[in-house]
Amino acid sequence: MNIQDATKKALEENKYIRRKSTERSTTRIKPTNSYDCCLLVVHGKDRQQGRCWNPTADDLMADDWVITKG
């Protein structure tokens with residue numbers, strides 16, 4: 001799905017989004033309307049979180065976005 005549809009669904013379901021092409025990555029994006037903008041969350045031994053994710057043009061045009069729990 002495209003990023004707009006994925007973002008809407010993730011917000012409704014309080015979930016994360018990621019690109020299907022990056023399924024081996026542990027990175028997820030948490031869309032928010034908060035001061036932190038979209039959060040970039042890296043899961044693993046030590047969960048790390050960063051604020052203000054900056055998408056590439058390819059990210060914005062991609063149609064392989066999926067919803068994930070985290």
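How exposed is R51, in terms of relative accessibility? R51 comes out at 42%, which counts as partly exposed; here buried means under 20% relative accessible area, exposed over 50%, and partly exposed in between, with a 1.4 Å probe and protein chains only.

Hi everyone, a quick word on the ground rules. This is a predicted model, where local features need pLDDT of at least 70, side-chain atom pairs count only at pLDDT 80 or more, and totals for chains, interfaces and linings use all residues. Residues are numbered from 1 along each chain as its sequence is written, and side-chain values use heavy atoms, leaving out hydrogens and water.

Now, the salt bridges. By that I mean a side-chain nitrogen of Lys or Arg within 4 Å of a carboxyl oxygen of Asp or Glu, and the count comes to four.

Back to R51: its partner is D36, with the closest N and O atoms 3.0 Å apart. R51 sits in the loop between β4 and α2, D36 in the loop between β2 and β3, 15 residues away. D36 is partly exposed too, at 29%.

Next, R19. Its salt bridge with D59 has its closest N and O atoms 2.8 Å apart. D59 lies in helix α2 and R19 in strand β1, so the pair ties together parts 40 residues apart in sequence. Helices (H or I, at least four residues) and strands (E, at least two) are DSSP runs, numbered from the N terminus. D59 is buried at 13%, and R19 at 17%.

R19 also meets D64, at 2.4 Å from N to O. D64 is in the loop between α2 and β5, so this pair links parts 45 residues apart.
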